[in-house]
Amino acid sequence: MVVEESSTEELARRAASGDSAARDELLAAIGPRVLEQCGRFLPCQQDAEEAAQDALLQVARHIERFEGRSLFSTWLHVVVANCARQTYRSLRRRAVERPSPLLPVEIADPRTTSVIAGSRLDLLDALDRLEAHRPELVTALVLRDLCQLDYQEMAEQLGIPVGTLKSRIHHARRHVRESLRGGE
């Protein structure tokens, strides 16, 4: 089912005000888009599906936090980006904690099997390093460079002036570029 953008925005407003039928309809309408957005972050389809489920669960649980200051789609981008990044951190942590199997099994490493997949993982690692040092820069960079949102829309969502937003993006890009070059 394809729902027009304006219909999605209206469903989100109704769901935020407590309309459970609108919430259910909203979740059904945004599901495919959420999965697609998670796929932009995570190279493995199963990982993207896990992140999408988490994002939809977060929307269902916290839709009342959507205040309508910006578009629902902008709010959704923030939720999706956070869930995708959290899924990646969780997968990385599980891989480290997992005991080695009795029989060695060759698992394809996306860093060596696909330039695109490796680039995504390197970017997620760089974003984690950026978040450790300058957490206020991460959301602005993700919304602009990965979600390709408009400056005004992002500034409204983040509650900051456009000039501050542009400055954050500039500094975030510089840090990520250095991190990707190995300068951490």
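These legends describe close-up views of one predicted model.

The model is predicted, so local features need pLDDT of at least 70, side-chain atom pairs count only at pLDDT 80 or more, and totals for chains, interfaces and linings use all residues. Residues are numbered from 1 along each chain as its sequence is written, and side-chain values use heavy atoms, with hydrogens and water left out.

**View 1**
From the N terminus on, the order is α-α-α-α-α-α-α-α-α. Helices (H or I, at least four residues) and strands (E, at least two) are DSSP runs, numbered from the N terminus. Of the 184 residues, 39% count as buried. Buried means under 20% relative accessible area, exposed over 50%, and partly exposed in between (1.4 Å probe, protein chains only). Contact means heavy atoms within 4.5 Å. Among contacts between residues at least 6 apart in sequence, 63% join residues at least 24 apart. The accessible surface comes to about 10,600 Å², and carbon and sulfur atoms hold 51% of it. Accessible areas come from the Shrake-Rupley method with a 1.4 Å probe; for residues, only the protein chains shown count as cover.

**View 2. Helix α8 spans residues 151-158.**
Its buried residues are Glu153, Met154, Ala155 and Gln157. They pack against α4 (72-97), α7 (135-146) and α9 (162-180). Asp150 caps the N-terminal end of α8. A side-chain oxygen of Asp150 lies 2.9 Å from the backbone nitrogen of Gln152. Just after the helix, Gly159 takes a positive phi of about 70 degrees.

**View 3. The largest cavity has a volume of about 40 Å³.**
The count is one cavity of 30 Å³ or more. On a 1 Å grid over the protein atoms alone, a cavity is a set of points where a 1.4 Å probe fits but cannot get out; a pocket is an open set with protein on both sides within 12 Å along at least five of seven lines; lining residues have an atom within 4 Å of a point. Grid points are joined across faces, edges and corners, and a volume is the space filled by probe spheres set on the points. Val78, Ala81, Asn82, Arg85, Val138, Thr139, Val142 and Leu143 line the cavity. The lining divides into five nonpolar, two polar and one charged. Ala, Val, Leu, Ile, Met, Phe, Trp, Tyr, Cys and Pro count as nonpolar, Asp, Glu, Lys and Arg as charged, and the others, Gly among them, as polar.

**View 4. The second largest pocket has a volume of about 240 Å³.**
Helices α3 (45-62) and α4 are the elements that give two or more residues to its lining. The largest share, six residues, comes from α4. The lining includes Asp54, His62, Arg65 and Trp75. By class, the lining residues are four nonpolar, four polar and two charged.

**View 5. Gln58 lies in helix α3 and lines the second largest pocket.**
Gln58 counts as partly exposed, because its relative accessibility is 27%. Leaving aside neighbours within four places in sequence, Gln58 is in contact with Ile63, Val79 and Cys83. The C-alpha atoms of Gln58 and Val80 are separated by 9.0 Å, at 22 residues apart along the chain.

**View 6. Thr87 has its place in helix α4.**
Thr87 counts as buried, because its relative accessibility is 2%. Not counting residues up to four places away in sequence, Thr87 touches Leu42, Asp47, Glu50, Ala51 and Asp54. The C-alpha atoms of Thr87 and Ala48 are separated by 8.4 Å, at 39 residues apart along the chain.

Conventions: A polar contact is a pair of N or O atoms within 3.5 Å; within protein, one must be able to donate a hydrogen and the other to accept it, and residues adjacent in sequence count only if both atoms are side-chain atoms.
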